[in-house]
Amino acid sequence: MGFLQTIRKKTFHLRYSVMHSRKLPFIILKPFYLIARFFILGFPGMQYNIFTRMKYKKHLHQWSNYTCEDRYPELFAICKEFFKDRENVKILSFGCSTGEEVYSIHSYLPKAAIIGADINPYNLRQCKKKKPPKNVGFMHTFSEEYRQSKDFDAIFCLVVLLNVKNRKANVATEFTFQQFEKQLSELDEKLKTGGLLFIDRTDFDFMHTSISDRYSPLDTKGNRTVTERPLFDANNTKISDKQDSYRVFLKREYSA
Ligand SMILES: C[S@@+](CC[C@H](N)C(=O)[O-])C[C@H]1O[C@@H](n2cnc3c(N)ncnc32)[C@H](O)[C@@H]1O
């Protein structure tokens with residue numbers, strides 16, 4: 001008797017009971033279920049990312065959550081130096097992801113009140129797990145408390161106002177200049193006159209927005225950078241493969 005025949009004979013009863021079992025549909029579906037479960041529940045936070053993408057599709061700018069500690073030491077140092085003689089400084093980290101940016105700013109300005117805001121509820125849960133000190137808090141960007149928050153002395157908006165799918169396109173469609181300008185107008189309303197706006201890694205130039213006439217690039221070392229990333233204009237057309245831009249802006253008094 002050949003090898004295959006022996007196997008077939010020995011597994012006859014097993015195969016028979018499987019094929020005639022009422023559980024057959026479940027047995028067939030189980031591998032698909034396990035694969036789906038691995039991808040959806042297997043990676044921490046993945047289910048929340050899917051949920052966030054579905055629920056906030058129209059509002060989500062940059063969908064990646066990547067962040068790390070002290071990611072922008074030169075920007076945090078500029079902030080520390082600018083507010084060194086000031087008490088009661090209030091700072092917003094918009095798109096704070098899992099909180100590393102907030103905790104880094106806290107290490108530079110330990111007395112400042114810092115709010116981290118994000119659209120992804122999973123990120124905010126991770127932020128809160130890190131046991132924030134009293135002067136640090138986290139909010140969802142669709143919450144009432146965030147809507148009412150204002151009078152910030154500094155706003156950080158780093159690696160939020162972009163979409164990776166724009167990067168290979170000649171026209172920005174996934175995240176547009178209109179969304180960019182709208183989001184910055186909302187942040188502008190929350191920033192005090194005399195305050196600082198930190199904005200880095202975007203698809204557009206802040207100086208092209210209508211609100212930029214109230215702002216001047218802060219005159220400080222390390223503010224201007226040249227980066228190899230595409231730049232789109234106010235019509236969403238790619239105008240360069242390089243960005244030569246400022247990252248810190250001072251909000252001036254309004255002069256009509
Ligand atoms: C790449 S992370 C940047 C994290 C941090 N700012 C940094 O630079 O390390 C982008 C973050 O922006 C958040 N985000 C995207 N669209 C947003 C929106 N409309 N409102 C608030 N947060 C948003 C994402 O959830 C994500 O946590």
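These legends describe close-up views of one predicted model. Residues are numbered from 1 along each chain as its sequence is written, and side-chain values use heavy atoms, with hydrogens and water left out. Because the model is predicted, local features need pLDDT of at least 70 and side-chain atom pairs count only at pLDDT 80 or more, while totals for chains, interfaces and linings use all residues.

**View 1. Cysteines without a disulfide.**
A disulfide is a covalent bond between the sulfur atoms of two cysteines. Here, a disulfide is a pair of cysteine sulfur atoms within 2.5 Å. The count by this rule is zero. Cys 96 is in no disulfide, and its nearest cysteine sulfur, in Cys 127, is 4.1 Å away. How far is the sulfur of Cys 157 from the closest cysteine sulfur? The distance is 11 Å, to Cys 96, which is too far for a bond. Buried means under 20% relative accessible area, exposed means over 50%, and partly exposed lies in between (1.4 Å probe, protein chains only). Cys 96 is buried, with a relative accessible area of 1%. Cys 157 is also buried, at 0%.

**View 2. The largest nonpolar core.**
In soluble globular proteins, nonpolar side chains tend to be buried together. A nonpolar core is a set of buried Ala, Val, Leu, Ile, Met, Phe, Trp, Tyr and Cys residues joined through side-chain atoms within 4.5 Å. The largest one holds 29 residues. Which of them touch the most other members? They are Cys 79, Ile 91, Leu 109, Phe 138, Phe 156, Leu 158 and Phe 198. Helices (H or I, at least four residues) and strands (E, at least two) are DSSP runs, numbered from the N terminus. At least two core residues come from each of α5 (73–82), α6 (100–108), α7, β3 (136–140), β4 (152–158) and β5 (191–200). A second, separate core has 26 residues, including Ile 115, Met 139, Phe 206 and Phe 249.

**View 3. Contacts of Cys 79.**
Contact means heavy atoms within 4.5 Å. Neighbours within four places in sequence are left aside here. Cys 79 is then in contact with Ile 91, Leu 109, Ala 154, Phe 156 and Phe 198.

**View 4. Asn 120, a loop residue.**
Asn 120 sits in the loop between β2 (113–118) and α7 (121–129). Is Asn 120 buried or exposed? At 4% relative accessibility, Asn 120 counts as buried. Not counting residues up to four places away in sequence, Asn 120 touches Tyr 48, Asn 49, Thr 52, Asn 65 and His 140.

**View 5. Asn 223, in another loop.**
The loop between β6 (215–217) and β7 holds Asn 223. Asn 223 is buried, at 2% relative accessibility. Its contacts, not counting residues up to four places away in sequence, are Pro 217, Leu 218, Ser 245, Tyr 246, Arg 247 and Val 248. Asn 223 and Phe 249 are 26 residues apart in sequence, yet 9.0 Å apart in space, C-alpha to C-alpha.

On a 1 Å grid over the protein atoms alone, a cavity is a set of points where a 1.4 Å probe fits but cannot get out, and a pocket is an open set with protein on both sides within 12 Å along at least five of seven lines. Lining residues have an atom within 4 Å of a point. Grid points are joined across faces, edges and corners, and a volume is the space filled by probe spheres set on the points. The largest pocket has a volume of about 880 Å³. Of its 38 lining residues, His 59, His 61, Phe 94, Ile 119 and Gln 183 are the closest to its centre. Helices α4 (46–55), α8 (144–148) and α9 (177–190) each supply at least two lining residues. The largest share, six residues, comes from α9.

**View 6. The largest cavity.**
The whole structure has two cavities of 30 Å³ or more. The largest has a volume of about 140 Å³. It is lined by 16 residues, and those nearest its centre are Ile 199, Arg 201, Thr 202, Gln 243 and Ser 245. Two or more lining residues come from each of β5, β7 (224–227) and β10 (243–246). Strand β10 gives the largest share, three residues.
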